[in-house]
Amino acid sequence: MKKLIYVPLIVAVLGLAFSAFAQTMVQSGTWSANTNTEGYTLAENQGDRSVLVSVEFPESFVVKPDVIVGITLLDATAEKNVRYKIEVFSVSRDAMTLRISTWADTKIFGINGFWMAHAEGNMESDY
């Protein structure tokens, strides 16, 4: 019976030890694209169009982070349906690239948003 008491105690001590050495690093910021952005075609022509937006993280992560993005502004013509897609195209420890796409006859003159990146690190890394 005494052995059963030690198992939860050992698990709790190990959990505290591991959590003392692990940290979560979180960074956030904003992104934007508009007709002044190089390669921007979302306001022109018809069909499938996209633009890539590069974002550098303020500090490098120890490991590749998970990223979420959102929209804060969308400037599009009211005469057509609004169609858009935001993809986190690639992520590294230092930066990420977003792909903003539209299709058919949608015309987007500007689009802004936010991002949040987080990753587990360790005490040895310099945050």
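**Close-up views of a predicted model**

Figure 1. Beyond its neighbours within four places in sequence, Thr97 contacts Leu52, Val53, Ser54, Glu87, Val88, Phe89 and Ser90. The model shown here and in the following views is predicted. Thr97 belongs to strand β5. Its relative accessible area is 16%, and because this value is under 20%, Thr97 is classed as buried. Among the contact partners of Thr97, Leu52, Val53 and Ser54 fall within the residue range of strand β2, 49-56. Glu87, Val88, Phe89 and Ser90, also contacted by Thr97, fall within the range of strand β4, 85-91.

Figure 2. Strand β5 spans residues 95-102 and includes Ser101. With a relative accessibility of 12%, Ser101 is buried. When neighbours within four places in sequence are set aside, the contacts of Ser101 are Leu42, Arg49, Ser50, Arg83, Tyr84, Lys85 and Glu87.

**Figure 3. Salt bridges at Asp105.** The whole structure contains four salt bridges. One of them joins the side chains of Lys80 and Asp105, with an N to O distance of 3.9 Å. Lys80 is located in the loop between β3 (66-76) and β4 (85-91), and Asp105 in the loop between β5 and β6 (108-122), so this pair ties together parts that are 25 residues apart in sequence. Asp105 is partly exposed at 21% relative accessibility. Lys80 is also partly exposed, its relative accessible area being 39%.

Figure 4. Glu87 is partly exposed, having a relative accessibility of 26%, and Lys85 is partly exposed with a relative accessible area of 42%. Shared partners, by contrast, join the salt bridges of Lys80, Arg83 and Asp105 into one network. Both Lys85 and Glu87 are in contact with Ser101.

**Figure 5. Loop residues with positive phi.** Residues other than glycine mostly have a negative phi. Asn45, which is not a glycine, has a positive phi near 55 degrees. Asn45 is located in the loop that connects β1 (22-34) and β2 (49-56). At 56% relative accessibility, Asn45 is exposed. Ala104 also has a positive phi, of about 60 degrees, without being a glycine. Ala104 lies in the loop between β5 and β6 and is partly exposed, with 30% relative accessibility.

Figure 6. Leu74 is part of strand β3. This leucine, Leu74, is partly exposed, with a relative accessible area of 33%. Tyr84 is also one of the contacts of Ser101.

**Figure 7. Overall setting of the close-up views.** The protein has one helix and six strands, which follow the order α-β-β-β-β-β-β from the N terminus. Of its 127 residues, 26% are buried; Thr97 and Ser101 are among them. Among contacts in the protein with a separation of 6 or more, 76% are between residues 24 or more positions apart. The accessible surface of the protein is about 8500 Å², with carbon and sulfur atoms contributing 55%.

How values were computed: Residues numbered from 1 in each chain as written. Predicted model: local features only at pLDDT ≥ 70, side-chain atom pairs only at ≥ 80, totals over all residues. Heavy atoms only, no water. Helix = DSSP H or I, 4+ residues; strand = E, 2+ residues; numbered from the N terminus. Buried < 20%, exposed > 50% of the residue type's maximum accessible area, 1.4 Å probe, protein only. Contact = heavy atoms within 4.5 Å. Areas by Shrake-Rupley, 256 points an atom, 1.4 Å probe, with all protein chains shown as cover.
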